Amino acid sequence: MERINKVAQITVLFWLMKIIATTLGETLGDYIAQTQQFGYTIALLVTLLFFLAVLSIQLFTEKYIPVFYWMVIIATTTLGTEISDFIDRSLHLGYSIGSVILFSCLAFTLLRWQQKFKNLNVYPITDRNKEIYYWLTILFSNSLGTAFGDYLSDVVGLTYLNGALVTAGVILIVVALHYATKINHILLFWVAFIFTRPFGATFGDFLTKPVAKGGLDLGTLAASLVSLLLMTILIIVAHKRHNVVSK
């Protein structure tokens, strides 16, 4: 029996949705832990349960369905926010050490993926075991991106807007390398994937943090609702495009 692809194709729409999903993950994670004052441990458990729930749906779905796929992406960005904040603020290890830990987890997962499947191709994915590696890599990528974004603002001292501009610059360099060089496209994909997370995280902080700290002070709830609305619209677009291609 022919196996059917389970993941999104890498297009401009994919990257746009990824960035908005990361912004939503940052603001929603902060809303749960800080605005609602649940704390980082409870927030970590809540977002972990949400991640496991939507991941289970995605894994046992027989084909790629945009809404299920992007719900897992949103769950990884939200859980990634809590993992990074838990390492820094509950374990008091700091964003520098946190970034090293998460980078090590990411590198180990990619190494095991390569050893098991002899490639790191991210599309198409038809094997359930390979899909698990795919989602673990995405989770560690988003967690690392969160920690690195916070490192830029809290350790390096960049404003949230400047942090977003720095990470956006890295993404533009990756795009240029993709089109102008023969550097491995899978390597460039994962670099871009990692850096879209701190871009979304720092942009989310820019929307929510007080003006005195370089933000717009929109609040975590308002920023989350705006991001959720945009994400919903793009998921509808993704469904329509997928249905057209599938015909």
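User: How much space lies in the largest pocket?

Analyst: About 520 Å³. Keep in mind that the model is predicted.

User: How many residues line the largest pocket, and which lie nearest its centre?

Analyst: The lining has 20 residues. Nearest the centre are Ile10, Thr11, Trp15, His178 and Phe189.

User: Which helices supply at least two residues each to that lining?

Analyst: Look at α1 (12-35), α6 (160-180) and α7 (185-208).

User: Which one gives the most?

Analyst: α7 does, with six residues.

User: Is the lining of the largest pocket mostly polar or nonpolar?

Analyst: Nonpolar: 15 residues fall in that class. Five are polar, and none is charged.

User: New topic. How much space is in the second largest pocket?

Analyst: That pocket holds about 360 Å³.

User: And which residues are closest to its centre?

Analyst: Gln9, Tyr64, Arg241, His242 and Val245. They belong to a lining of 16 residues.

User: Which elements give two or more residues there?

Analyst: Two elements do: α1 and α8 (220-246). The largest share of this lining comes from α8, with five residues.

User: So where does α1 turn up?

Analyst: In both linings. α1 supplies at least two residues to the largest pocket, and two or more to the second largest pocket.

User: How many charged residues line the second largest pocket?

Analyst: One. The rest of that lining is 10 nonpolar and five polar residues.

How values were computed. Residues are numbered from 1 along each chain as its sequence is written. This is a predicted model: local features need pLDDT of at least 70, side-chain atom pairs count only at pLDDT 80 or more; totals for chains, interfaces and linings use all residues. Side-chain values use heavy atoms; hydrogens and water are left out. On a 1 Å grid over the protein atoms alone, a cavity is a set of points where a 1.4 Å probe fits but cannot get out, and a pocket is an open set with protein on both sides within 12 Å along at least five of seven lines; lining residues have an atom within 4 Å of a point. Grid points are joined across faces, edges and corners, and a volume is the space filled by probe spheres set on the points. Helices (H or I, at least four residues) and strands (E, at least two) are DSSP runs, numbered from the N terminus. Ala, Val, Leu, Ile, Met, Phe, Trp, Tyr, Cys and Pro count as nonpolar, Asp, Glu, Lys and Arg as charged, and the others, Gly among them, as polar.
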